[in-house]
Structure formats: C-alpha cells, structure tokens
Amino acid sequence: MALATRHGKERALGRPFRHALGLPLVLADIDTDALGTFDGDRPRPAPPRDTCRLKAERGMAATGLARGLASEGSFGPHPQLPLLPVGEEWLVFLDREQGLVVEERMLAPRTNFSHLRLAADADPSSWLRRIGHPSHGVLVRPSQPLDGPALWRDLDDPDDLRQAILRAAAASADGQALLETDMRAHRNPTRMASIRRLGFRLVRRLARRCPACRTPGFGELETLPGLPCSWCGTPTGLVLWEVVGCTTCGHRERHPRRDGRLQADPGQCPLCNP
Ligand SMILES: [Zn+2]
Ligand SMILES: [Zn+2]
C-alpha cells in the first residue's frame with residue numbers, strides 16, 4: 001500500500017496497518033508540499049479532506065500500487081471556544097480493486113498549535129516551554145516582512161533560534177519576529193501521536209463490514225446532540241446519539257451513547273442554567 005509522505009508518517013501508521021490488515025506500507029516519494037504547506041509558503045488549494053484524497057491518489061500513481069493511504073491535518077481556533085486551539089486530522093484509504101474510499105476524521109484532543117509575536121530583545125522561553133520546544137519544532141519569520149517572505153526552521157539549537165529571531169525582527173516593519181509551532185508531523189510528536197491514534201481507528205473501521213452491503217469500512221460517522229436535562233427534559237448540547245454507517249452505500253444506524261448515559265446534568269441545560 002502506498003503512503004505519500006515526506007514527514008515520517010510511516011512511523012505512526014506502519015504498525016496498525018501491518019499488524020491488523022497485513023498491509024506493509026510503501027513510501028511514495030512525492031512532493032506532498034506541492035499540495036500546500038502549514039507554514040503558508042504554498043497555500044492549500046483544497047479543503048483538507050480533498051487534499052488528503054489527492055495525496056493518496058498521487059502516491060498510488062507514483063508506486064503503481066492499487067491501494068493508497070494519506071493523512072492531512074489543519075489547525076486553528078476551536079469553533080466553539082476561540083481561545084482554545086484545535087487540530088483536525090484526516091486519514092484516507094483508497095482501494096482501486098474494491099472501489100473503496102474509506103475516511104476517518106477526528107478533532108485532535110491535544111495540540112500545541114500556537115504563535116507568538118516577539119521583539120528582538122524579548123525572552124520567548126516560557127512560550128517555548130509551553131509548546132514543547134525543542135522536541136517540537138518552531139518556525140520563525142518577520143512579523144511584517146519588509147522585503148518578501150522569509151522563514152527559518154529546524155531551530156533546535158538555542159543559538160540558531162536566537163539568530164533567527166534577530167534576523168526576522170530586523171526584516172520586519174514592526175521590529176518583531178513571529179514564532180509559530182511547526183505542525184509537520186516529523187517535527188511535532190503531539191501531532192504524530194494523533195495520527196497514530198487515527199490510524200488505529202481507520203484500521204478498526206476497515207475491519208468492519210457494512211451489514212447492508214458487506215463492504216469494509218463501517219464505523220462512526222457523527223454524533224448528534226440532544227441529551228435531555230435530568231430536571232426538565234430540555235435537549236442539551238451533549239451527545240444523545242452516536243451514528244454509525246457506511247460511506248459506500250449510505251446505510252446508517254443510530255445508537256445510544258456507548259457510556260450508557262441517558263440524562264444531562266442540569267448545569268449543562270440551557271433552561272436550568274442559562
Ligand atoms: Zn433543565
Ligand atoms: Zn454499505
């Protein structure tokens with residue numbers, strides 16, 4: 001099976017696919033950065049889901065294999081809690097012989113995604129500690145570039161980082177450097193762990209056949225809110241149903257929450273605790 005990556009994702013995905021499905025990964029050396037990069041050097045032409053599928057297809061074309069796998073992530077503020085960063089990860093499995101497209105997506109529960117604007121003489125050490133540098137990579141660029149874009153990366157050495165901050169600040173209209181977390185998988189162990197978790201979920205989905213059409217790839221599609229308040233019965237924003245289904249034939253089933261919870265705490269109720 002082809003895996004299109006230049007960012008070491010075989011470290012996260014090799015085991016689940018080899019052990020559970022007996023599929024060894026073959027690295028496809030294609031320029032995945034051509035489909036857009038996290039640092040904004042090359043804008044992403046398509047939403048992450050489409051980019052992910054495109055990567056998998058290119059990996060299959062490059063290796064001549066009938067099966068392909070690719071991962072894609074995007075990071076930004078949480079839709080409901082803007083101060084909280086959140087990561088979205090996609091994994092797509094394609095099988096040309098069986099005509100299969102199986103996707104798995106998750107909101108990464110943990111991400112170090114962050115940025116910091118900094119004057120040349122300021123101390124970034126507390127921010128660097130928080131994002132996990134140097135095991136997690138950092139990118140440096142001018143906050144307001146004077147002469148075109150400039151970017152420094154792979155700054156594990158404190159002196160290299162210091163120099164990059166000085167140069168970036170000097171090349172910026174406001175005299176500040178912009179520090180950003182490096183979200184490439186091989187420079188971000190937190191993200192690599194999310195991709196590994198997603199890999200196990202995709203393998204589990206591939207091992208389950210749809211009860212209606214017998215195609216592999218049956219699993220959770222979405223959750224629906226509406227768990228009733230234990231005092232007044234008003235539907236809350238908490239999960240009421242877990243929806244599982246098949247992306248090939250569209251068969252869907254609604255199941256109660258796996259944890260067996262039937263009622264929400266009044267503290268979560270829009271009427272009892274507005
Ligand atoms: Zn209530
Ligand atoms: Zn089906």
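In which loop is Arg214 found? Select Arg214 and see: the loop runs between helix 5 and strand 9. Keep in mind throughout that this is a predicted model.

**Stop 1: the domains**

Colour the chain by domain. Domain 1 takes in 2-111 + 185-207, domain 2 covers 115-181, and domain 3 spans 211-274. The C-alpha centres of domain 2 and domain 3 lie 44 Å apart.

**Stop 2: the zinc site**

Select ligand 2, the zinc ion, and show its donors. Cys210, Cys213, Cys246 and Cys249 each coordinate the ion through SG, at 2.3 to 2.4 Å. The angles between the four donor atoms run from 107 to 114 degrees, so the arrangement is tetrahedral. Along the sequence the donor residues follow the spacing C-x2-C-x32-C-x2-C. Cys213 and Cys249 link distant parts of the chain, 36 residues apart. Cys213 sits in the loop between helix 5 (189-206) and strand 9 (218-225). Cys249 sits in the loop between strand 10 (239-246) and strand 11 (252-256). Cys213 is partly exposed at 28% relative accessibility, and Cys249 is partly exposed at 39%.

**Stop 3**

Most residues other than glycine have a negative phi, and most peptide bonds are trans. Now check the exceptions here.

- Return to Arg214: its phi is positive, about 70 degrees, although it is not a glycine.
- Go to Asp154, another non-glycine residue with a positive phi, about 55 degrees. Asp154 lies in the loop between strand 7 and helix 4 (158-170). Its relative accessibility is 45%, so Asp154 counts as partly exposed.
- Select His133 and Pro134: the peptide bond between them is cis, with omega near 10 degrees. Pro134 belongs to the loop between helix 3 (125-131) and strand 7 (138-142).

**Stop 4: salt bridges**

The whole structure holds 16 salt bridges. Visit several of them.

- Show Arg53 and Glu57, whose side chains meet at 3.6 Å, N to O. The two are four residues apart in helix 2 (residues 48-63), so about one helical turn separates them. Arg53 is partly exposed at 35%; Glu57 is partly exposed, also at 35%.
- Move to Asp182 and Arg184, which form a salt bridge at 2.6 Å, N to O. Both Asp182 and Arg184 are buried.
- Next, pick Arg257 and Asp259, with their closest N and O atoms 2.7 Å apart. Arg257 is buried at 15% relative accessible area, whereas Asp259 is partly exposed at 49%.
- Finish with Glu104, Arg201 and Arg205, which are linked in a network of salt bridges.

How values were computed:
Residues numbered from 1 in each chain as written. Chains lettered and ligands numbered in written order. Predicted model: local features only at pLDDT ≥ 70, side-chain atom pairs only at ≥ 80, totals over all residues. Heavy atoms only, no water. Domains from an automatic or database assignment. Donors = N, O, S within 2.8 Å, 3.2 Å for Na, K, Ca; no water. Tetrahedral: all angles 85-135°; square planar, octahedral: opposite > 155°, others 65-115°. Buried < 20%, exposed > 50% of the residue type's maximum accessible area, 1.4 Å probe, protein only. Salt bridge = Lys/Arg side-chain N within 4 Å of Asp/Glu carboxyl O.
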